[in-house]
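Me: I have a structure here that I have not looked at before. Can we go through it in short steps?

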Amino acid sequence: MFDEDDLRPLSALQHLVFCERQCALIHIEQVWVENRFTAEGRLLHERVDHDKGESRGDLRIARGLPLRSLRLGLVGKADVVEFHRVEGDGPGVTLDDASGRWQPYPVEYKRGKPKIHRADEVQLCAQALCLEEMLQFSPLNPPRGTLQPAIHEGALYYGQKRRRQVVPFDQELRTLTENAARRFHELLAAGKTPVAVREPKCEQCSLLHVCLPDAPHASARSYLADLLGKSSPRPPEKSSPRPPPFSKEGKKEEEGEQDEDARRRREVPFPPLKKGGQGGFPEGGQGGFLP
Ligand code: SF4
């Protein structure tokens, strides 16, 4: 179990799954490059955050819900968590402002389109694992004796396609997410940025012109130090065809999609635990987050 002070941004898992070097550049070296796509993603999330919650029949919608997991050492915020009314005796939680039991269903907004890698799915699954821990039911401690995970699926909403992609939280994705969280903390503890390995995915990376995977530098920091003459004073290569660091030239349409929630690195601190361990939810349920 992690202490509150050791919690780290949940959104980093998408960076880690995409590329460990990118994750280290952002979360160890504090490198970030804002571009049109990251700005659009940030604005999209801000709009979602500022929208009010809703109540529609058998559906309750909470927005900007704080999340955290002491088990995984993560803290963050969910764009949207829907609560679907549970029929019969299925697993669910109680809400302050509604009778019956309700199934949490996280929804994450992305500005781009579905990816071939699983970074977005891992980020969404991490939200579900946080919710399960906060709500104190999980596959390890299933409610009412059922072996079903408490939160069995969520959805990714892609702005470019304007449609939802349902994401089942199966054991494979849960294991992938838990391993990513563990690896993220190992990476931070080591404090060392992995060496770049040029791969096809680099063309979709928003840090391509900072990382410089074709250059013989171990880190962006060492590259900048080199450039400023703090280590090996080397004259700038006037004829180099390589774009300068932080250049916005040569960006492709896809780049920045896996970074679109840069604002999550400014995530809000989690509210203090309430007595009974409800992880910030009001006693008796989480309806306090609903307007
Ligand atoms: S350019 Fe390639 S190696 Fe560098 S951070 Fe991006 S994906 Fe990783």
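This is a predicted model: local features need pLDDT of at least 70, side-chain atom pairs count only at pLDDT 80 or more; totals for chains, interfaces and linings use all residues.

Me: Take Gln-30, then. Why does Gln-30 count as exposed?

Reply: Gln-30 has 10 C-beta neighbours inside 10 Å, so it counts as exposed. Gln-30 lies in the loop between α2 and α3 (36-50).

Me: What is the phi of Gln-30?

Reply: Positive, about 60°, although Gln-30 is not a glycine. Leu-212 is another non-glycine residue with a positive phi, near 50°. Leu-212 lies in the loop between α6 and α7 (220-227).

Me: And why is Leu-212 called partly exposed?

Reply: Leu-212 has 18 other C-beta atoms within 10 Å, so it is partly exposed.

Me: Back up a bit. What does the secondary structure of the chain come to?

Reply: Seven helices and eight strands. The chain has 291 residues, of which 37% count as buried. Of the contacts between residues at least 6 apart in sequence, 68% join residues at least 24 apart.

Me: There is a ligand. Which residues are closest to the ligand?

Reply: Cys-19, Gln-22, Cys-202, Cys-205 and Cys-211 are the closest of the 13 residues that surround the ligand. Two elements, α2 (20-27) and α6 (208-211), each give two or more residues to that shell. The largest share is from α2, with three residues.

Me: How do the shell residues divide into nonpolar, polar and charged?

Reply: There are 10 nonpolar, one polar and two charged residues in the shell around the ligand.

Me: Gln-22 was on that list. Is Gln-22 buried or exposed?

Reply: Buried, because 28 other C-beta atoms lie within 10 Å of Gln-22. Gln-22 is found in helix α2.

Me: What does Gln-22 touch, leaving out residues up to four places away in sequence?

Reply: His-15, Cys-205 and Leu-207. Gln-22 and Cys-205 are 183 residues apart along the chain, and their C-alpha atoms are separated by 8.3 Å.

Me: New topic, the nonpolar core. Which residues touch the most other members of the largest one?

Reply: Leu-13, Cys-23, Val-81, Ala-126, Cys-130, Leu-131 and Phe-184, out of 52 residues in that core. Helix α4 (residues 119-134) supplies the largest share of the core, nine residues.

Me: What is Cys-23 in contact with, apart from neighbours within four places?

Reply: Ala-12, His-15, Leu-16, Phe-184 and Leu-187.

Me: How many residues of α4 are buried?

Reply: 15 of its 16, which makes α4 mostly covered. From first C-alpha to last, α4 reaches 23 Å, close to the 22 Å expected. Just after α4, Gln-136 takes a positive phi of about 60°.

Me: Now the strands. In what sense do β2 and β3 pair?

Reply: Strand β2 (residues 54-56) and strand β3 (residues 59-69) are antiparallel, with three bridges. Glu-54 has Ile-61 in β3 as its bridge partner. Two residues sit between the strands in that hairpin, where Gly-57 has a positive phi near 55°.

Me: How many bridges join β3 and β4?

Reply: 10, again in the antiparallel sense, with strand β4 covering residues 74-85. Arg-60 stands opposite Phe-83 in β4. The hairpin of β3 and β4 has four residues between the strands, and Gly-73 takes a positive phi near 70° there.

Note on methods: Residues are numbered from 1 along each chain as its sequence is written. A residue is near a molecule or strand if its C-beta atom, placed from the backbone, lies within 6 Å of it. Ala, Val, Leu, Ile, Met, Phe, Trp, Tyr, Cys and Pro count as nonpolar, Asp, Glu, Lys and Arg as charged, and the others, Gly among them, as polar. Two strands pair if DSSP finds at least two bridges between them. A nonpolar core is a set of buried Ala, Val, Leu, Ile, Met, Phe, Trp, Tyr and Cys residues joined through C-beta atoms within 7 Å. A residue is buried if 20 or more other C-beta atoms lie within 10 Å of its own, exposed if 12 or fewer, and partly exposed in between; C-beta atoms are placed from the backbone. Two residues are in contact if their C-beta atoms, placed from the backbone, lie within 7 Å. The expected span of a helix is 1.5 Å times one less than its number of residues.
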